[in-house]
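Here's a quick tour for anyone meeting this structure for the first time. Have a look at the sequence and the model, then read on.

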Amino acid sequence: MNDARKHLLNVLVVLAGIVFIVKLFFIQVADNKYAQLADSNALLREVEYPVRGLIYDRHGELIVHNSPEYDLYVVVKDTHPFDSARFCHVFDMTREQLCLAFRELKMRKEYKPFKPTLFLKQLSNVDFAKIQDRLDELPGFFIQARTTRSYSTPSLANALGYVSEISKEQLARDSLKLYRQGDYIGQSGIEQFYEAELSGTRGVRFKLRNAKGIVQGSFNKGKFDTLSRPGLDLITGIDLKLQQYTELLMKGKAGSAVAIEPATGEILALVSGPSYDPGLLTGKDFSANFRLVSADTNKPLFNRALMAQYRPGSIFKIAQAMTALQQGVITPDTRIRCDRSVIACHGRHTNEDLRGAIANSCNPYFHQVFRRMIQKGKADDPFTDSHLGLAEWHAHIESFGFGKKLGVDLPNEKEGLIPTPRYYDKAYRSTAWKFSNIFSLSIGEGENLVVPLQMANFAATIANRGFFYTPHMVKAVGQDGKPLPQFLERHYTTIDSSFFNVAVDAMQEVVESGTASYRAKLQDIVICGKTGTVQNEPPLKDHAVFICFAPRENPKIAIAVYVEDAGFGGRAAASIASLMIEKYLLGETQRPLMEAYVLAGKFD
Amino acid sequence: MRRNEISNLDWVTILIYLMMVAMGWFNIYAVVYDEAAGRSIWDLGLNSGRQLIFIGASFIIIMVIVIMDLRFYEAFAYVGYGFIVILLVLVPVIGKEVGGNKAWLGIGSFGVQPSEFAKFITALAVAKYIATVGFKMDNFRNQAVLFFIIGLPMALILLQKDTGTALVFTSFILVFYREGMSPFLIILGVGAAVIFILTLLVPNQIYLYAGVAVIALVIILLGKKKAWRIAWVTLGACLISGVIASVDYVISDVLKPHQQNRIKALINPDADPLGYGWNVTQSKIAIGSGGFWGKGFLEGTQTKFDFVPEQSTDFIFCTIGEEHGWVGTFLVVSLFVALLLRIVHLAERQKNRFTRAYAYGVLVIFFFHFTINIGMTIGLFPVIGIPLPFFSYGGSSLWGFTVLLFVLLKLDSHRGEVLQRI
């Protein structure tokens, strides 16, 4: 029995040893949670926020800049003794608000009592001046300055986008772990697309500290520290005067106006109406204002210039004409009778050639042209024939940048739609469709969808006689920089350059004696344009659309204007576009009556 | 004769002792080390420098112990016991206050804790009583005297509010068991402790009562259904239920608030990691962050920057864990296991009952310190402020353990002679 007891003691000792060693193995080797906790205990990560890049217009006019803003941080462990009465006095809070603020603070997931935690955010200059001197009476609290966006003009809201606190979803998607909760990030427009360039590189300094939070020196002699690099400035292609003027003209209207410099693809003006004041979505009142703006039934946050997909209407006839010439189904001299029994038409004309058909926007002419493209007689069966014809047609149309994203340097661009044979197979749930089912495409109605940016790019392509540069907002990344490389590349259409002269001639005629002759014509500048009137559900008025470029030779500006529910395209859209050209090329408009007509916005 | 005495000392134990003391010293330096200040391990202004003096003094104490006559210890046992009891009575009156407890006796700037030596003296007194001619472990009167011997210093130390050291005395029950006492008391104690902890872990006590009732029923139904047997099982079930019912009372009324919190911290350290969970949480972080190889000597951040409380004394094991990793903690735990097994071996080779009983006293004291101290740093036991032998900073504790161990070695070195004399 005594021997058993001797062994029992030995067993107890060995057992205790084994339990400890196993438990230690789990704590020390198997679980690295403790190592991380130790780092967060002793490592202080000081982040140096670089200044966000500024945004300029093409003439060096400042559009977006930074203004200082102050966040109040707290290290809860260091707040003793905490004088709540004094705090409430300094910050003008009630005791309940203070208690609530503390409770919310402690609920936060990242909350650690020995880590600096955001307590009050976005104190204004005025608040900061008030509390600055009294801050040393409140141990554990300190101010971190950061900058917030400020806007020198209420214009360009949708193109610029806004900057706000990073959301939980964005944080989860940030696989490189560049951002932390509470960081600010560009949320739409240029601010989002050029986030990497604008935000610069944050500097990080690692410091060791003791349990009281007192810094004990740099970690590993600063081996892991990085310097902050300020964000790059962006020079946009925007002409601020033109932008502001266009916004004025579009005021009270729904739609979009886009102007592009054809020789470079730089966007001169990008207007989406209705819009909002970008100054609303910055600073302390961001949340309240954002709720207002996003709940607005006019959808001011919806950037119509790239996101609204419209049927293009008669402006599409230019693309039809170019494609038909390239395919050889017509020549410029081909005359087709205006047979209004097939499709409705307007104006007085009977048997035009191509130029006349464009100038008068003759529907039966293009109905016939489209038939020739779709039904070439390559197959006996009319269904197969239509399939072959549409596929060939689609390839040409797509080369104008229709039906796909252009790749503008703004987020959320929409593709639009140019139907393919597959599209109709799906829509009809059969391959048994032919020209007679799809002829509305001929005049830009039917299933076609185009966004205003594509329309403006289309105008620029005609201005360039057959090629375009991808439209872009930013002409220089950094003060002496270049645009992004993809914006330096020419995209050619599948159409022979020589055919475009027919279109240019016809478009000049549109403005001088055709559908836009009264309002778009200018005395000293030759404008080439094309109107469109897109069918709308009665009793709403039709949508008005106009594309144009000027001057005819060596064009400086190409424009697309789309005004919803504004009736005949020769009125609302052509007037706005011609005023824009006047403003841009001459600096001033000399037609006060026309301006008043547009501003009144009746268009009857 | 002299040479013979020294060569008869158990050099395995001495080797382990020297390794532990040296490792303890280096780790105490690691705790106070400050790169910027650049003070050396010898600096007397630092704990490490002072610990070196304590170590030097221990060597003198060892020599005195070895030179002393063998019979002194047995003869001195009761006298020393009486003396230490008087000191323990006096401490609350004339002692000086250190860290809220009056446990120190000061002579000028020099202070000692009588409670550290009370363990040694009690071990001697227990051994001497067990070695008395005619002593029988199953005699109730003898048992009562033994419990009185350990109970008196324990009670006096409890009065000093040094619960940790007082609890060490309960470990003598293991000695009584080894010397022939019925295991009933131990089983009862361990059983109560298990039920106590279960009660804390299980949120709803109804399940426990139900469990007890079901087990009692099963025992009754499976065995012979005799009246006395049913009565015993029922009584046992009632007793267990009584323990369960007493838990809340003990926790909230018997234990002081800081002791309640230490129990709570053990059950769930994350409930209030900054309040009562701080010690355990930080201690585990420090040890856990060491990884397999550790951060390297003097490279620890947790222990150095004061995240762990009482780092050079009760929580010295954290420094080992952080700077030397699992390799280091494995080595230290192994050293203790080796030392304890060696003491069992020494105890078992004694022919003399006094030495044997004393050796077991030494064993259980070291065992208690080892398990409770390391257990609390890794969250297996509640925080009880007792040092890790030979590692923790402090003169009284180092000398107390040194005396305890080397008196055993001295007695052991004469084991042949004792036999001859009889």
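Predicted model: local features only at pLDDT ≥ 70, side-chain atom pairs only at ≥ 80, totals over all residues.

Residues are numbered from 1 along each chain as its sequence is written, chains are lettered from A and ligands numbered from 1 in the order in which they are written, and side-chain values use heavy atoms, with hydrogens and water left out.

**Where chains A and B meet**

- Chain B puts 46 residues into the contact and chain A puts in 34, with contact meaning heavy atoms within 4.5 Å.
- About 3500 Å² is buried between the two chains, and carbon and sulfur atoms give 75% of that; buried area is the accessible area (1.4 Å probe) that two parts lose on being put together, summed over both.
- On the side of chain B that touches chain A, α8 (172-178), α13 (278-288), α14 (316-348) and α15 (353-377) of chain B each supply at least two residues, and α14(B) gives the most, with 13 residues.
- A:Asn10 sits in helix α1 (residues 2-30) of chain A and, leaving aside its neighbours within four places in sequence, is in contact with B:Leu341 and B:Val344.
- A:Asn10 counts as buried because its relative accessibility is 17% (buried is under 20% relative accessible area, exposed over 50%, partly exposed in between; 1.4 Å probe, protein chains only).

**Helix α16 of chain A**

- This helix (residues 382-398) has 17 residues; helices are DSSP runs of H or I, at least four residues, numbered from the N terminus.
- Its buried residues include A:Trp393 and A:Ile397, and α13 (316-327) of chain A is one of the elements covering the buried residues.

**Cysteines**

- The whole structure has zero disulfides (cysteine sulfur atoms within 2.5 Å).
- A:Cys88 is too far for a bond, because its closest cysteine sulfur, in A:Cys99, is 7.7 Å away.

Definitions and conventions:
Expected span 1.5 Å × (residues − 1).
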